[in-house]
Each structure stands twice: as structure tokens, then as C-alpha cells.
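User: Hi! Could you walk me through this model?
Analyst: Happy to, here it comes.
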Amino acid sequence: MNAHVVYATITGNNEDIADIIADQLKKHGIEVDETEISQTDAKELLDADICVVCPYTYDEGALPEEGMDFYEDLKELDLTGKIYGVAGSGDVFYGDDFNKAVDAYGEAFKTAHATQGATNVKIDLEPVEEDVETLAKFTDALVKAAGK
């Protein structure tokens with residue numbers, strides 16, 4: 001079983017989140033590819049059993065600019081049979097716009113007919129110990145949904 005974890009980051013927070021998820025997946029014996037969103041073709045997800053995106057939300061609810069091609073291409077894929085999860089960092093300062101990219105990527109996966117394996121995770125700024133535990137549970141749920 002394999003997974004692909006894609007992240008978009010400005011501050012490094014979402015790369016940290018992706019690293020935590022990748023490490024947790026590896027603990028389950030899953031092979032993991034981890035890539036930055038602007039260097040990733042959405043079609044690469046077709047080769048994964050578990051697909052994870054870790055986006056940041058910019059300003060007032062904007063998706064990562066460098067990930068717009070990936071986002072648009074993701075919605076065009078047929079990911080039937082694939083398990084997905086979305087976890088990202090944002091800033092609660094933005095109120096109702098907090099981590100909107102997490103929900104947008106979740107909807108893109110649904111449009112691509114993927115199966116949600118874990119509840120979306122929204123982290124305020126950088127991941128702290130409590131978030132590491134939440135991400136471990138997130139990863140456990142993905143693995144269970146994938147049947148491993």
C-alpha cells in the first residue's frame with residue numbers, strides 16, 4: 001500500500017504537517033511519496049492508495065496560488081477507490097476564512113470521486129504537541145479506511 005502527501009507552504013507549517021503525516025503513515029508500513037504542490041502533477045495521485053493534501057489558506061480564504069493548477073486538475077481526475085484526507089494550517093485571525101483551503105481541497109477530492117478516510121484537520125499556525133496527536137488519529141483513520 002502506498003500514499004502520496006502533497007503540501008503547499010509559505011512558512012513551513014504545512015511542510016511540518018506533511019512530514020508528521022508521512023512519518024505516521026510509514027509507521028503503518030505504508031510507502032510514502034511527499035511532494036511540494038507546485039512540483040506535483042495531480043495525475044500522480046492515480047498511483048496512490050491514500051491521497052493527502054496539506055494546503056495553507058492565504059489572506060481571506062484564498063487557496064495557495066502555486067497550487068491552482070493542481071487544484072483544478074484534481075477536480076478532473078477519477079479517483080474512485082482512492083482514500084483521501086486533507087489537513088492544513090491557517091491563522092484563526094481570519095475568522096470565518098480560517099483554513100478554507102482545507103475544505104476546498106476536500107470538495108475537490110469529492111468531485112474526483114475519492115472516498116474521505118478521515119475528518120479534515122485544521123491547525124492554527126504551526127503544529128504543536130496536541131496537533132501531532134490529532135494528526136496521528138487522522139492518519140490512523142486513513143489507514144483503516146484503506147483497509148490496512
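Analyst: First a term: helices (H or I, at least four residues) and strands (E, at least two) are DSSP runs, numbered from the N terminus. This is a predicted model, so local features need pLDDT of at least 70, side-chain atom pairs count only at pLDDT 80 or more, and totals for chains, interfaces and linings use all residues. Residues are numbered from 1 along each chain as its sequence is written, and side-chain values use heavy atoms, leaving out hydrogens and water.
User: Thanks! What follows α1?
Analyst: Gly29 does, and its phi is positive, near 80°.
User: Which residues of α1 are buried?
Analyst: Among them are Ile17, Ile20, Ile21 and Leu25. Buried means under 20% relative accessible area, exposed over 50%, partly exposed in between (1.4 Å probe, protein chains only).
User: And what do they pack against?
Analyst: The buried residues of α1 pack against several elements, including β1 (2-7), β2 (31-36) and α4 (129-145); contact means heavy atoms within 4.5 Å.
User: New topic: how many disulfides are there?
Analyst: The count is 0, where a disulfide is a pair of cysteine sulfur atoms within 2.5 Å. For Cys51, the nearest cysteine sulfur is that of Cys54, 12 Å away.
User: Is Cys51 buried or exposed?
Analyst: Cys51 is buried, at a relative accessible area of 0%. Cys54 counts as buried too, at 0% relative accessibility.
User: Great, that covers my list.
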